[in-house]
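Reader: Hi! Could you walk me through this one? I'd like to start with a helix and then hop around a bit.

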Amino acid sequence: MIRKKKNDRSSNRHQQSSLWTRCTSLRALRQVHAFIVVNGFNSRLSYLRELIFASAMTISGTIDYAHELFDHITEPDLFIWNTMIRGSAQSSTPLNAISLYSQMERTFVKPDNFTFPFVLKACTRLSWPNMGNQVHGRVVKFGFESNMFVRNTLIHFHANCGMLSVARDLFDDSAKRDIVAWSALTAGYARRGQLSIARCLFDEMPAKDLVSWNVMITGYAKLGQMDSARELFDEVPKRDVVTWNTMIAGYVLSGSHKQALEMFDEMRCAGFISDEVTMLSLLSACAELGDLDIGQRIYSSFSNINMMDLSIVIKNALIDMYAKCGSIDRAREVFNNMREKDISTWNTIMGGLALHGHAEESIYLFTVMRRLKFQPNEISFVAVLVACSHAGQVEEGRKYFNLMKNEYKIKPNMRHYGCMVDMLGRAGLLNDAFEFLETMEIEANAVIWRTLLGSCRVHGNVDLARRANEELLKLRNDQSGDYVLLSNVYASIGEWDGVEKVRKLMDDSGVRKEPGCSFVEADEKELMHFLFDSKPMLITKHGGL
């Protein structure tokens with residue numbers, strides 16, 4: 001049992017002693033803890049505070065150890081409560097901060113003006129407006145609403161959760177003298193896409209800090225308004241790595257991959273050191289461009305980051321980049337060398353293998369993934385269904401489609417239906433494909449009908465091609481490829497009258513065939529882009545949305 005003195009002078013102020021400056025790992029923390037117990041220092045308040053602060057706040061990945069220690073403290077003082085709530089709020093399990101606050105109330109420990117901002121941060125991260133509103137009520141009860149620190153956190157919470165009118169009400173005359181309050185309210189409107197109001201607030205700010213600049217740039221970038229983002233970027237008095245990362249990610253998000261790479265070159269020339277967030281955006285840009293050489297050069301430029309220290313997210317992006325750039329062996333190598341994997345890791349390698357003619361291996365990895373107790377998600381089933389389609393394993397594909405619905409209770413979406421139609425069409429089961437379309441719970445889109453039309457062309461089925469084309473033209477009638485595909489079906493069996501009718505229909509509709517375009521290749525690319533496309537998230541470490 002860890003004992004402590006009950007009296008407490010401060011609930012938040014903390015100055016770390018020299019004993020803890022060398023305590024930078026869980027192993028070192030355990031050694032210090034053992035030293036404290038052996039020497040009988042576990043009854044001293046200062047040592048308990050240091051122990052909790054180091055494990056909850058200072059040392060990365062030791063919050064669970066902090067909870068173990070905390071559970072053995074008979075009567076935690078307010079500083080220890082606040083430190084545990086604070087550490088939990090910024091951890092991967094912010095729900096623990098809410099639980100600690102509830103436990104704190106049950107033991108009749110009175111919170112202070114430092115307690116509530118930490119609890120509200122947890123509510124914000126969890127997007128729990130109801131719980132946050134209850135905490136707001138407690139803030140009013142204890143008389144902390146006028147405290148600048150608490151009020152700013154309340155503005156941030158309400159604005160972030162979409163309760164902009166409440167946030168605006170809190171933004172009174174006293175708040176208008178605080179740049180943090182301005183930034184919090186501006187960020188709230190920007191997150192909700194209300195950039196005109198956000199920009200008005202931004203322009204009215206008596207002073208602008210870097211966070212407010214980054215918030216506005218991120219708001220424009222998220223909506224793809226990169227000209228406006230660039231205009232603000234050029235005006236920023238002093239940038240940080242977040243400012244650069246926001247611009248790079250914005251260009252990637254809007255599909256301007258070359259501009260993202262150019263922005264990275266500018267960043268390096270300006271003397272900024274890139275980080276994992278930068279790498280994630282750049283790898284995504286290279287993957288979409290399909291340029292392995294640039295991808296390799298960018299990866300090599302991150303000499304300050306050790307491969308073993310890279311996060312799972314970055315390694316997943318590496319797998320995706322290598323696969324999309326045609327280097328499936330390197331993608332496989334990264335995958336095999338990963339000690340820790342998540343479901344996205346498996347999805348990425350399975351999709352890459354399926355697209356590069358290794359369908360059997362992709363299907364095998366799906367079974368391995370399930371055997372290792374990874375829970376497949378909707379993207380996992382897209383990958384394995386594509387693999388079954390490319391391998392011609394129709395019955396296996398049907399089995400996985402039913403497994404998805406019946407065992408994992410995943411409702412099929414347009415991508416899953418597209419996989420099934422493609423699989424049946426490739427196998428020449430065109431009637432089955434049409435019957436499957438009729439059983440779909442959602443209306444097929446143009447990509448699916450075009451895929452089926454392409455299958456009709458391959459297998460020379462004019463009647464079904466005509467049906468597919470009719471459905472396709474109901475959805476869109478301005479795409480030359482849709483007409484050319486049907487024309488090619490007629491041509492493949494020598495029905496030149498049909499070819500002439502289609503070309504006349506194109507002329508009447510004002511549609512012209514684009515020269516130099518291979519529609520067989522275009523169909524395949526369009527389908528695979530539809531099945532595997534996922535827009536990169538706009539991620540920043542600070543000030544992001």
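**A helix and its surroundings**

Author: Happy to. In helix α11 (residues 195-204), the buried residues are Leu-195, Ala-198, Leu-201 and Phe-202. Buried means under 20% relative accessible area, exposed means over 50%, and partly exposed is in between (1.4 Å probe, protein chains only). Looking down the axis of α11, the buried residues fall within an arc of 120 degrees, so they line one face of the helix. That arc is taken from the directions from the helix axis to the C-beta atoms.

Reader: Which residues are exposed on the other side of α11?

Author: Ser-196 and Glu-204 are exposed there.

Reader: And what covers the buried residues of α11?

Author: The cover includes α9 (164-170), α10 (179-191), α12 (210-222) and α13 (226-235). Contact here means heavy atoms within 4.5 Å.

Reader: Good. Before we go on, what kind of model is this?

Author: This is a predicted model, in which local features need pLDDT of at least 70 and side-chain atom pairs count only at pLDDT 80 or more, while totals for chains, interfaces and linings use all residues. Residues are numbered from 1 along each chain as its sequence is written, and side-chain values use heavy atoms, with hydrogens and water left out.

Reader: Thanks. How many helices and strands does the protein have?

Author: The secondary structure comes to 30 helices and zero strands. Helices (H or I, at least four residues) and strands (E, at least two) are DSSP runs, numbered from the N terminus.

Reader: What share of the residues is buried?

Author: Of the 545 residues in the protein, 50% are buried. The protein exposes about 26,700 Å², and carbon and sulfur atoms supply 49% of that area. Those areas come from the Shrake-Rupley method with a 1.4 Å probe; for residues, only the protein chains shown count as cover. Among contacts with a separation of 6 or more, 65% are between residues 24 or more positions apart.

Reader: What span should α16 have, and how far apart are its end C-alpha atoms?

Author: At 1.5 Å a residue, the 14 residues of α16 (residues 276-289) should span 20 Å, and the end C-alpha atoms are 20 Å apart, which agrees. The expected span is 1.5 Å times one less than the number of residues.

Reader: And at the two ends?

Author: At the start of α16, a side-chain oxygen of Asp-275 comes within 3.1 Å of the backbone nitrogen of Val-277. That is a polar contact, meaning a pair of N or O atoms within 3.5 Å; within protein, one must be able to donate a hydrogen and the other to accept it, and residues adjacent in sequence count only if both atoms are side-chain atoms. Just after α16, Gly-290 takes a positive phi of about 70 degrees.

Reader: Which residues that are not glycine have a positive phi?

Author: Phe-108 is one of them, at about 60 degrees, and Lys-373 is another, at about 70 degrees. Most residues other than glycine have a negative phi. Phe-108 sits in the loop between α5 (95-106) and α6 (115-126), and is exposed at 76% relative accessible area. Lys-373 is in the loop between α21 (359-371) and α22 (378-391) and is also exposed, at 73%.

Reader: Now cysteines: how many disulfides are there?

Author: The count is zero, a disulfide being a pair of cysteine sulfur atoms within 2.5 Å. Cys-388 is in no disulfide; the nearest cysteine sulfur, that of Cys-419, is 9.5 Å away.

Reader: Is Cys-388 buried or exposed?

Author: Cys-388 is buried, with a relative accessible area of 0%. Cys-269, by contrast, is exposed at 73%.

Reader: Last one: where is Asp-77?

Author: Asp-77 is in the loop between α3 (63-71) and α4 (78-89), and counts as buried at 4% relative accessibility. Its C-alpha is 9.0 Å from that of Arg-49, 28 residues apart in sequence. Leu-45, in helix α2 (residues 45-58), is 32 residues from Asp-77 in sequence and 8.9 Å away, C-alpha to C-alpha.
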